[in-house]
There are 2 protein chains.
Amino acid sequence: MLIALDTHLNKPLYVQIRDQIRERILSGALPVGERLEPSRELAKQLGVHRTTVSNAYADLEAEGLIEGSVGRGTFVAPYAATLRQPAPVRRRPASKFHWDSLFAPDQEDDSLGRLMASAQEPGVISLAVTHASSALIPMDLVRRATEAVLRREGSKLLEYGSTGGYPPLKQYLQARLRRDGITVEADELLITNGCQQSLDLLRRVLVGPYDSVACENPTYPGLWQVFDVPGVRLIGIPVGPEGMDLDYLEATLEQNKVKLILVNPNFHNPTGRSMPLAARQRLLALAARFQVPVAEDDIYGGLRYAGQECPPLKALDTTGLAIYMNSFSKIGFPGFRVGWMAGSRRAIERLRIAKQRADLHTNILGQAVLEEFCRRGWLEKLIRKTRKVYAHKLAVLRHAAEQTFPPEVRVNYPEGGMAAWVELPADLDASELLGKARERRVVFAPARFFYFQNPQHNAFRLCFTSVSDEQLDRAVRILGDLLRTEIRRGRTARKAVSVSSAVALV
Amino acid sequence: MLIALDTHLNKPLYVQIRDQIRERILSGALPVGERLEPSRELAKQLGVHRTTVSNAYADLEAEGLIEGSVGRGTFVAPYAATLRQPAPVRRRPASKFHWDSLFAPDQEDDSLGRLMASAQEPGVISLAVTHASSALIPMDLVRRATEAVLRREGSKLLEYGSTGGYPPLKQYLQARLRRDGITVEADELLITNGCQQSLDLLRRVLVGPYDSVACENPTYPGLWQVFDVPGVRLIGIPVGPEGMDLDYLEATLEQNKVKLILVNPNFHNPTGRSMPLAARQRLLALAARFQVPVAEDDIYGGLRYAGQECPPLKALDTTGLAIYMNSFSKIGFPGFRVGWMAGSRRAIERLRIAKQRADLHTNILGQAVLEEFCRRGWLEKLIRKTRKVYAHKLAVLRHAAEQTFPPEVRVNYPEGGMAAWVELPADLDASELLGKARERRVVFAPARFFYFQNPQHNAFRLCFTSVSDEQLDRAVRILGDLLRTEIRRGRTARKAVSVSSAVALV
């Protein structure tokens, strides 16, 4: 077979071989039933390693273009012929269905996806998203945990599992929750695909059309996207130095039939504020008085660098109204999509049924690997190490900001979590600043991104966890530089930006 | 330390050690800061292997009760003390919140979960659920694929991934779909957590309150549980020898504003019927005439044992209205929770946004392991082997049924899939038969379980894939025995059973 290989091409040799054979099969130059040269011979002809040809053949086999026959060789497969016929789907019809006629325009917003993507632009220092530092993950231990569970559990990892969760992982989480003062039985605990799904399950179970939900404003954008459902009203509660403004919440509960309160009491995203013990107790008292379930997202709770640990709402709750949510995503396993919810037996039962209808159960392999990783004590070690590293990064951010940010700019350095919150003078717009920062290859998340009502323009969030100390220092100094220039210019005229065009800017 | 081990107890030694030490820590007998004996010494005292003690210590460390200090030893950890205080959550309050006040009673049904659980009862031959035969799974290859991706991808497997899916898996699926005549670009393909989630995403994107959806009746119970949402009307289309009754569908489309048609054209669950080519073309013509999207669930499509392959609706569609769904669950990877949807670019874009709001993305590790497993050609081999084994099991079922079922009983032996459909004389009730079969340690799924409207009582589904040939033969003969007895009795009075009590029986 005549195959031309170009070692200067930025294309692996096996890909070149595969693509040229595929082309010949699809053009009919190699007809069905034609025997291909054995990989050893073709490799010799082309002067490449035999594995290179084998890899090309393996891909073509996976595509169904060729097939092997033991003792006879490798042949062009019959269905290669079907691909040569003009496929019916390729005929472009006169009247294509207009899918847009089915969708409401407001379902379209994908700003969360775009923010997540912006973190991956090459050459850019991104302080935009709360991603864990992958440098901290002990991949050798993840590999060992995976090998151990594959050996121990075998094909059980592949079978349908329990909707409630992989029992050994639930046992581990029960012990972990107990340490935080939360004592739950197995049926008061549900494994989910992370806090995003936990929020979605709460919506499914508790919130119908024409219902109201109260949550912090600003908040995590994934939250309000869950409740962006026709008829559901999300009521924003402002965030002060002690987290959710409880006077405002109380007035809201008095005037509205609220079905669910959502709160992020530790290192609130995006402001970094935490609720002190007294505020947590008052929130629970309000929930009890108005008989409204209150669900806390504790996703950053394990990442405390300063100050006193404060019990979760669920540990303080005596009414059964509190629901606790957490996940493995912020300590370094977001790709595994494993989180959990703890609550009263009856609430968890309903959430479990909703979970079953949503996707039957969470993937078992990920749960089993995490359980093994945790049970061996490796998660605790990872948390301890992560706290140290992030505390240092926060100090790097603080040092650079204190040296370079002008005095008009206030920074909330949180006691934990993954981000600091920067407040600008009222006449400065964080989105405009982002435009200038982007030119200097630094990105962050402007405040407006986190508001679903009454957007603030003069603030932004700086995540400090996923970049090196040196990048962090450089990025903060660039921002300091920009901030000094902007403030020096004494700009007072700020263009009014409508909410919708603002979101589109992110 | 005084620890009493009982080797006659059905409790591993390390568990006995762990539990006794835990008890002592929680009672205060071992106070915070107390040093535990080194595992080597304790093992010698107790006459057990050192690993036994290490395992006990590892668990206690994971629970947070003890902690190690390099070079110093192992000590009772400070937070053990916090567990000794009466936890606030343990105080039982006077007024517990009544969660039931929040839920509508009709949200409660968990029959799918119970059917799945019934498959696991010990000592019972279950022909109740469509589970793959785990004996066929080459666990050594799954292990090799897992090791390969962990080596190659490293910590990327742990990071946030793309909502659309893991790109190499999408590439593989594009090639696989091409073989079935479906040519899609990457953005016309979405990875989901399996067909259950695909159905749920369709509901989220296409179906609002007061909308109608048409689907086969009977059907997969997970389907109608997805659409069991206030205000949504599910219209059941009867199933005949050629699958969905298209005359009935046409009349339904004329008289109702249907927003979505759901269909299972290959080896329909539960009846095993397949739609011939002409029926598929007519269904597409109806969808085009009424401008209604039509989503096909092809989850059993790869498992054909007889007859001619028939192109999926998506391959025949020229309007863009067809959406294709499939997953890895029925070939042996249900625990991985990975499936896919293919459709027009605009539809997939909306479904992707809905997926992002539901749980951000599908777990990466499972996707990567499956891609590796597929790319190496192992999935194709598994499918070929599975087809052979299941075809044989279907023959075993047929042989035993033909020998033992009375002539009044009709069996639909399908051309593929995982189940046969058994129709009884009108006066026999499959649920009553199930009661008697259970006494003889055989279970199956009565027809009524699959009807969301107008339940039939005189039919049941027999899954033949997850039991050994010998068990299958025995179970079918037991059923034949029962059927002969029932029919001989000439029972004509059949108790009317209401739908709700019937579902509760499953």
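Helices and strands are DSSP runs numbered from the N terminus, a helix having at least four residues and a strand at least two. The model shown in these close-up views is predicted.

**View 1. The cis peptide bond between A:Asn217 and A:Pro218.** In chain A, the residues A:Asn217 and A:Pro218 are joined by a peptide bond in the cis form, for which omega is about 10°. A:Pro218 belongs to the loop that lies between strand 6 (212–216) and helix 9 (221–226) of chain A.

**View 2. The cis peptide bond from B:Asn269 to B:Pro270.** Here the bond leading from B:Asn269 to B:Pro270 is cis, and its omega is near 15°. The loop that holds B:Pro270 is found between strand 10 (258–263) and helix 11 (277–290) of chain B.

**View 3. Positive phi at B:Gln291.** Although B:Gln291 is not a glycine, its phi is positive, at about 55°. The residue sits in the loop between helix 11 and strand 11 (294–297) of chain B. B:Gln291 counts as partly exposed because 14 other C-beta atoms lie within 10 Å, whereas a residue is called exposed if the count is 12 or fewer and buried if it is 20 or more.

**View 4. Positive phi at B:Asn454.** B:Asn454, which is likewise not a glycine, has a positive phi of about 40°, and its place is in the loop between strand 17 (445–446) and strand 18 (459–463) of chain B. With 10 other C-beta atoms within 10 Å, B:Asn454 is exposed.

**View 5. The open, seven-stranded sheet of chain B.** Seven strands of chain B are arranged in the order 5-13-12-11-10-6-7, with mixed pairing, to give an open sheet. The edges are taken by strand 5 (189–192) and strand 7 (233–237) of chain B, each of which has a single partner strand, so one side of each is left without a neighbour in the sheet. From one strand to the next, the twist averages 20°.

**View 6. The pairing of strand 6 with strand 10 in chain B.** Strand 6 (residues 212–216) and strand 10 of chain B run parallel and are joined by four bridges. Within this pairing, B:Cys215 stands opposite B:Leu262, a residue of strand 10 of chain B.

Technical notes: Residues numbered from 1 in each chain as written. Chains lettered and ligands numbered in written order. Predicted model: local features only at pLDDT ≥ 70, side-chain atom pairs only at ≥ 80, totals over all residues. Pairing = 2+ DSSP bridges. Axes fitted to C-alpha atoms, helices over the stretch in contact; angles between N-to-C directions.
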